[in-house]
Every structure is written in C-alpha cells, then in structure tokens.
Amino acid sequence: MSPETLPALLSPVPDEDGAPFWEYAARGELRVQACSDCGEPRFPPRPCCPHCRSFASRWRRMSGKGRIWSYVVPHPPLLPAYAARAPYNVILVELAEEPRIRLVGNLVTGPGAPLDSVPPERVRIGARVEAVFDGDGLPRWVLERS
C-alpha cells in the first residue's frame, strides 16, 4: 500500500487540561505542565498539583531532548490501521531536564517519516533522542546526532 492509501491512525483527543500540550505540539514546541506555585512538572496534565495541591499552572518549554527509557514492537499490531506499518516501534522517552516525565511516541528517521522508518533492531534503551514535529501535532523522536 502507498502512504496515501493506508488507513488513518488514531488521533489525540485533547481534554481541557491537556489541550495546551497539543496546541504547542502543533506549533512544533514540546511543553510540559508545571505548577505555578511549587514549580513541579506534571504529566499527564491535570487540574491540581499532586505535590502542593495548587490549581495554578503554566506550560514550561522543554528542550525536546531525552533518552529511550523503554520500548515495544507490537506483534501483531492491535488495530488494523497499524498492520500495514508493522513492524514499528513505540518508545517511552524520559525527558532530559525532567527525568520523571516520560512521553510515549515513535522513533523515526526524521519529520514526516513513516512509523516503520527505523528498523526495530536499531532501537536501544538509553539511546539519546530529540523530539521532531511534522505538522500533525504528534511529537515523534529521532536519534540525537552527537
């Protein structure tokens, strides 16, 4: 199948607390919600700080750098739309400046690259990665160039 004829993938369904994350991502920015009172970051976004119970928050810009904390290669993919893209990876990225914050995504070769652009045997726990955006509002990850 050509990319044009592949079935559509799942899209995020933002809620009130998480909508800013997706709005920033659509602009190519990786931001994480943080408490305005104690400064603690929180992800996923939520109305109340779990550390100090404040309802005040702001969106802190992240560098977009991190490392692969874990990953999986689904066999077989759970949803039919993903079967034509298999094998592909799903990675869990620990952010460099906020190691307690971990984001799920895919390791790809560059912005706009398909989910299967990195062979599964190239994915390594601990590999340094950075976020890329390709206009669909989903952060994906590429291996950091040293």
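The model is predicted, so local features need pLDDT of at least 70 and side-chain atom pairs count only at pLDDT 80 or more, while totals for chains, interfaces and linings use all residues. Residues are numbered from 1 along each chain as its sequence is written, and side-chain values use heavy atoms, with hydrogens and water left out.

**The largest pocket**

Select Leu10, Tyr82, Asn106, Leu138 and Arg140 to begin: of the 39 residues lining the largest pocket, these are the closest to its centre. The pocket has a volume of about 1,100 Å³. On a 1 Å grid over the protein atoms alone, a pocket is an open set of points where a 1.4 Å probe fits, with protein on both sides within 12 Å along at least five of seven lines; lining residues have an atom within 4 Å of a point. The volume is the space filled by probe spheres set on the points, which are joined across faces, edges and corners.

Next, display α1 (19-26) and β6 (102-105), the elements that give two or more residues to the lining. Of these, β6 gives the most, with four residues. Helices (H or I, at least four residues) and strands (E, at least two) are DSSP runs, numbered from the N terminus.

Select Tyr24 in helix α1 and Trp59 in strand β3 (residues 57-61), which lie 35 residues apart and link distant parts of the chain. Their ring centres are 6.4 Å apart and their planes are at 45°, so the pair is tilted. Rings of Phe, Tyr and Trp (its six-membered ring) pair if their centres lie within 6.5 Å; planes under 30 degrees apart count as stacked, over 60 as edge-to-face and the rest as tilted. Both residues are buried, that is, under 20% relative accessible area with a 1.4 Å probe and protein chains only.

The criterion is CZ of Arg or NZ of Lys within 6 Å of the ring centre and within 35 degrees of the ring normal. Then select Arg102 and Trp69, where the charged end of Arg102 sits over the ring, 3.9 Å from its centre.

**Glu94 and Asn89**

Move to Glu94 in strand β5 (residues 90-95). At 13% relative accessibility, Glu94 counts as buried. Finally, select Asn89, in the loop between α2 (80-83) and β5; its relative accessibility is 0%, so Asn89 counts as buried.

Technical notes
Buried means under 20% relative accessible area, exposed over 50%, partly exposed in between (1.4 Å probe, protein chains only).
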